[in-house]
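Please read the points below alongside the model.

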Amino acid sequence: MQIVDLKNAGALAKEQAARILVEAFKVSAPLAWPTMHDALEEVEDSFGDDRISRAAIDETGRVVGWIGGIDAYDGHAWELHPLAVDPQFHGQRIGTGLMRDFEDRMRERGVATIWLGTDDESNQTSLGGVDIYPDVLQAAANIKNLRRHAFGFYQKMGYIVVGLIPDANGFGKPDILMAKRISEKGRS
Ligand SMILES: CC(C)(COP(=O)(O)OP(=O)(O)OC[C@H]1O[C@@H](n2cnc3c(N)ncnc32)[C@H](O)[C@@H]1OP(=O)(O)O)[C@@H](O)C(=O)NCCC(=O)NCCS
């Protein structure tokens, strides 16, 4: 597997990345990118200024995963958005490879923090389907992974829960905010 800039990978690769987005989120977050049209727009957006967009390519030249990032705080903290691996290839360390590459690219830029939001739209965590007010931060601190929600993947990558957006996708469907410090010095 190699990891390349999606922007230079050709039209077929961009379509494959968009299809992965639709397929990977179909069950866990169906509101995210319901159609190829939505996903292709996301792919195009990922080539903008202050963005990074990297694709994992297998030995046949096919895109098997995609990761993107957005400079959100003047270079100090970047948002990881989005990350998706082709469901046929889950559990083969492709997500790990994309995260490592992404973090290396961020360190090259002197970024201190990577943060992300991962939605619970289908009651996969203890935060789904319940009213988390008023003790939102306590709910965040006590989060449990009930049905393999992706926050468990990010925890394995060293990210911690730093907050919640309650009802971000409708009642009982929060966005779980996570972050990781990737360089001690960061930018001056
Ligand atoms: C989350 C995702 C990117 C992981 O990619 P992957 O290539 O399957 O993950 P890896 O094989 O690199 O897994 C690395 C470790 O994380 C664990 N892991 C993977 N997905 C997990 C999940 N949903 N919950 C808990 N742990 C998970 C693996 O078991 C493995 O653990 P180990 O080191 O103890 O063996 C992939 O499942 C995916 O695209 N999911 C759908 C889209 C999505 O949820 N994106 C992120 C949300 S914003």
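1. In this predicted model, 18 residues of domain 1 are in contact with 15 residues of domain 2 (contact: C-beta atoms, placed from the backbone, within 7 Å). E4 and H3 each supply at least two residues of the side of domain 1 that touches domain 2; helices (H or I, at least four residues) and strands (E, at least two) are DSSP runs, numbered from the N terminus. By class, that side has nine nonpolar, six polar and three charged residues (nonpolar: Ala, Val, Leu, Ile, Met, Phe, Trp, Tyr, Cys and Pro; charged: Asp, Glu, Lys and Arg; polar: the others, Gly among them).

2. The bounds are 1-111 for domain 1 and 113-188 for domain 2, from an automatic or database domain assignment. Their C-alpha centres lie 20 Å apart.

3. The ligand lies between the two domains, because both give residues to the shell around it. H1, E4, helix H3 (94-108) and helix H5 (151-156) each supply at least two shell residues. The shell has eight nonpolar, nine polar and three charged residues.

4. For helix H1 (residues 11-25), 15 residues at 1.5 Å a residue should span 21 Å (1.5 Å times one less than the number of residues). The end C-alpha atoms are 22 Å apart, which agrees.

5. What covers the buried residues of H1 includes helix H2 (36-45) and strands E2 (51-57), E3 (63-71) and E4 (77-85) (buried: 20 or more other C-beta atoms, placed from the backbone, within 10 Å of the residue's own).

6. Residues are numbered from 1 along each chain as its sequence is written. Local features need pLDDT of at least 70, and side-chain atom pairs count only at pLDDT 80 or more, while totals for chains, interfaces and linings use all residues.

Key. Two residues are in contact if their C-beta atoms, placed from the backbone, lie within 7 Å.
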